[in-house]
Amino acid sequence: MAQNPPLERHRHDTREAVLFGGVYGAVLASSIVAALTQYGHSSRGDRRYDALWLLVTALASALAHGYAHYIAERGPHRRWDVLRTLADEWPLVAAVLPTVVVLAGAGWGWWPAKSVEYPAFALNIALLFALGLLTARWSHRSWGRAVLLGLVDALLGVVVVVANALIK
């Protein structure tokens with residue numbers, strides 16, 4: 001009688017985690033910036049609040065996503081698996097940090113607080129492009145295909161910007 005091999009826990013490789021978390025984080029950052037600036041609040045205090053709110057939202061999203069992975073992977077778990085699963089969500093939080101700096105910088109007076117959402121959108125669109133390009137090159141795609149995939153990723157950010165413009 002053959003024995004079944006032990007269940008192996010599905011581990012996301014670093015490239016998959018960076019792409020997923022990076023794209024999710026960049027789109028999340030753009031969406032939150034769009035939502036928080038919808039009503040034209042743009043004082044320095046508002047921008048500091050926006051930066052904090054974005055960081056809290058990213059941390060909560062990372063915790064929720066990591067916890068969902070943990071409970072979805074049925075089978076035996078070791079003592080520290082939940083912490084490892086949560087730590088695997090670092091790319092999501094890392095992807096929102098540039099936007100947090102843009103918002104916080106406006107709040108601290110490093111640059112004007114008014115209309116800072118546009119540089120934040122541009123930054124996130126560039127991040128999405130870079131993630132698509134990098135991931136495609138990691139997968140040994142040609143430069144032409146890698147640029148195309150980067151542009152498709154960047155299109156996600158453009159959709160958020162267009163939606164923001166239409167809502168306003």
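Leaving aside its neighbours within four places in sequence, which residues is D50 in contact with? In this predicted model, D50 touches L36, T37 and L103, where contact means heavy atoms within 4.5 Å. D50 lies in helix 2, and it counts as buried because its relative accessibility is 4% (buried means under 20% relative accessible area, with a 1.4 Å probe and protein chains only).

A quick word on the ground rules: residues are numbered from 1 along each chain as its sequence is written. Local features need pLDDT of at least 70 and side-chain atom pairs 80 or more, while totals for chains, interfaces and linings use all residues, and side-chain values use heavy atoms, leaving out hydrogens and water.

Now back to helix 2, residues 44-72. Helices here are DSSP runs (H or I, at least four residues), numbered from the N terminus.

Next, look at helix 4 and helix 5. Their axes (lines fitted to C-alpha atoms over the stretch in contact) come within 10 Å and cross at roughly 160°. The two helices are therefore roughly antiparallel to each other (an angle over 145 degrees). Where they meet, A95, P98, T99 and V102 of helix 4 face A120, L123, N124 and L127 of helix 5.

How far can you trust it? Mean pLDDT, the predictor's confidence from 0 to 100, is 85 for the protein. Over residues 4-10, though, pLDDT stays under 50. Where pLDDT is low, the predicted coordinates should not be read in detail.

Terms used: The expected span of a helix is 1.5 Å times one less than its number of residues. Buried means under 20% relative accessible area, exposed over 50%, partly exposed in between (1.4 Å probe, protein chains only). Axes are lines fitted to C-alpha atoms, for helices over the stretch in contact, and angles run from 0 to 180 degrees between N-to-C directions. Angles under 35 degrees count as roughly parallel, over 145 as roughly antiparallel, 65 to 115 as roughly perpendicular and the rest as oblique.
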